Amino acid sequence: MAKIMRKITDGILFAATWFFAAITLLVLLFIIAHIVINGVPYLEPRLFEFTFTSENVSMMPAIISTVFMVFLTLIIAVPLGIFTSIYLVEYVKKGNKFVMLIRSAAEMLAGIPSVVYGLFGMLMFGQFFGLGWSLAAGVLTLSIMILPVVIRTTEEALKSVGDGYREGGYALGSGKLRVVFRLVLPSAVPGIMAGVILAMGRIVGESAALIFTAGTVPQIPQTLGASARTLSVHMWALSGEGHHVGEAYATAVILLLIVLVINTAAAVIAKIFTAKGSGA
Amino acid sequence: MSISIKNCDLFYGDFHALKGIGRDEGMEISENKVTAFIGPSGCGKSTFIRVFNRMNDLIQNCKITGEITIDGQNIYEKSTDITQLRKNVGMVFQKPNPFPMSIYDNIAFAPRTYGIKKRAQLDEIVERSLRQAALWDEVSDRLKKSALGLSGGQQQRLCIARTLAAEPKIILMDEPTSALDPISTGTIEDLIRELKKTYTIVIVTHNMQQATRISDKTAFFLMGEVIEYDKTRQIFSNPKDKRTENYVTGRFG
């Protein structure tokens with residue numbers, strides 16, 4: 001009797017997990033299919049011309065702006081975030097009040113809606129520093145926005161490096177600098193890369209913060225002071241105007257592809273570093 | 001080099017982990033001998049071995065009093081050069097901890113720390129250290145390969161070789177064979193017997209047979225105190241203290 005009951009509960013649980021997994025998968029597939037079906041027919045060569053006109057809403061300037069935005073933001077935020085994390089994990093004594101403050105501030109900033117960053121960036125960089133709507137203002141705002149992501153993932157990566165390396169290094173008479181940069185940091189690279197990729201995803205997907213700071217000019221920015229719209233902003237602008245909804249879907253297809261490429265690259269890089277060896 | 005300890009106390013915050021070691025006549029660890037620390041878990045033997053190369057400095061709220069003298073110098077004086085101290089006093093850990101780099105770079109790590117950069121000189125140190133650690137024949141054809149590909153026993157011998165490359169006078173071993181199989185353990189024990197001709201060795205071990213096999217002197221620890229410290233033969237055949245007798249005859253611990 002008990003055996004039959006157990007079989008029945010097992011069966012119900014199995015059906016339930018299968019059912020919920022299927023629903024999740026179906027929703028995701030539906031979204032992708034919806035985007036592809038609506039977008040692919042509009043993917044024409046003219047959408048990849050270098051100039052945007054009101055007749056031809058080319059997304060090429062937006063693609064180029066996105067690349068600029070990603071690289072410039074990472075150049076600022078990644079070193080800043082990594083060195084901050086090294087300080088927090090390796091140098092500061094545990095239980096330090098100041099550090100706990102920094103850490104909770106970072107946690108909080110990670111949860112703030114991006115439109116708040118947009119408002120802050122507009123007032124701070126756009127108006128106070130007089131950058132207006134520009135690539136520079138957008139880059140600075142996004143740098144602040146992704147900093148908590150980089151700090152948090154790097155901290156986790158550094159903490160997950162076994163103390164065996166640190167002890168071994170110190171026992172051989174190495175100083176802190178050598179232990180951190182020669183032993184701990186190399187072992188933490190895969191984890192740090194994961195954080196950087198996550199940050200890239202946030203930059204590529206950001207619209208609210210950029211509308212306020214980088215503006216929506218749909219041309220290739222010639223200087224850091226020029227306004228630039230990224231793909232996400234481009235999509236927002238096209239669908240908002242209502243004349244080019246098909247082209248907006250086409251942009252979404254390209255965005256999907258870019259995210260796919262970024263994720264694959266991340267997986268490959270992480271694999272290369274792990275193969276080189278971590279452990280202990 | 002010998003080590004002498006006078007009235008050493010150690011606190012982790014409020015916890016009194018080592019209580020007056022070398023309280024009355026002092027404790028002496030002799031040169032070119034193997035000294036074993038035995039005792040039940042949590043008795044302070046690993047904590048004590050880390051006093052000699054100041055590894056406890058890494059632990060917050062750790063306070064040490066007393067006098068630890070190596071080569072005529074109190075190592076807890078402000079003027080102590082910790083890098084120099086750790087060059088003289090090497091350490092091998094319980095879990096083999098080869099660095100995630102090539103075998104060659106592992107061995108060259110310490111010499112490079114001390115500023116040796118010449119290729120020929122490094123080559124020579126790497127070969128000599130690996131030979132001393134009885135590992136050269138097994139790895140000489142793959143020095144550029146990752147050290148993480150070695151077996152557990154080989155990794156531990158690599159860690160010993162890495163320590164030897166710093167040209168220490170004293171080697172501290174914190175349960176160096178507890179993560180290894182019996183055959184690898186035997187190899188390491190042979191190695192220790194060989195190394196004591198040149199180095200002073202202090203070894204923490206959970207394995208009493210191991211202490212009798214390789215050590216000249218043995219200290220028995222209990223609750224942060226040294227209960228008895230004598231020739232190994234004496235400790236195991238004719239202990240003076242009842243608690244030592246109970247432990248070495250397997251009545252507790």
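Q: Which residue takes a positive phi in the hairpin of β10(B) and β11(B)?
A: A quick note first: this is a predicted model, where local features need pLDDT of at least 70, side-chain atom pairs count only at pLDDT 80 or more, and totals for chains, interfaces and linings use all residues. Residues are numbered from 1 along each chain as written, chains are lettered from A and ligands numbered from 1 in written order, and side-chain values use heavy atoms, without hydrogens and water. Strands here are DSSP runs of E, at least two residues, numbered from the N terminus. The hairpin has 2 residues between its strands, and the one with phi near 50 degrees is Met223(B).

Q: Is Thr200(B) buried or exposed?
A: Thr200(B) sits in β9 (200-204) of chain B. Its side chain makes polar contacts (N or O pairs within 3.5 Å, one able to donate a hydrogen and the other to accept it; sequence neighbours count only if both atoms are side-chain atoms): the backbone oxygen of Met1(B) at 2.8 Å and the backbone nitrogen of Asn32(B) at 3.1 Å. Buried means under 20% relative accessible area, exposed over 50%, partly exposed in between (1.4 Å probe, protein chains only). Because its relative accessibility is 0%, Thr200(B) is buried.

Definitions and conventions. Helix = DSSP H or I, 4+ residues; strand = E, 2+ residues; numbered from the N terminus. Pairing = 2+ DSSP bridges.
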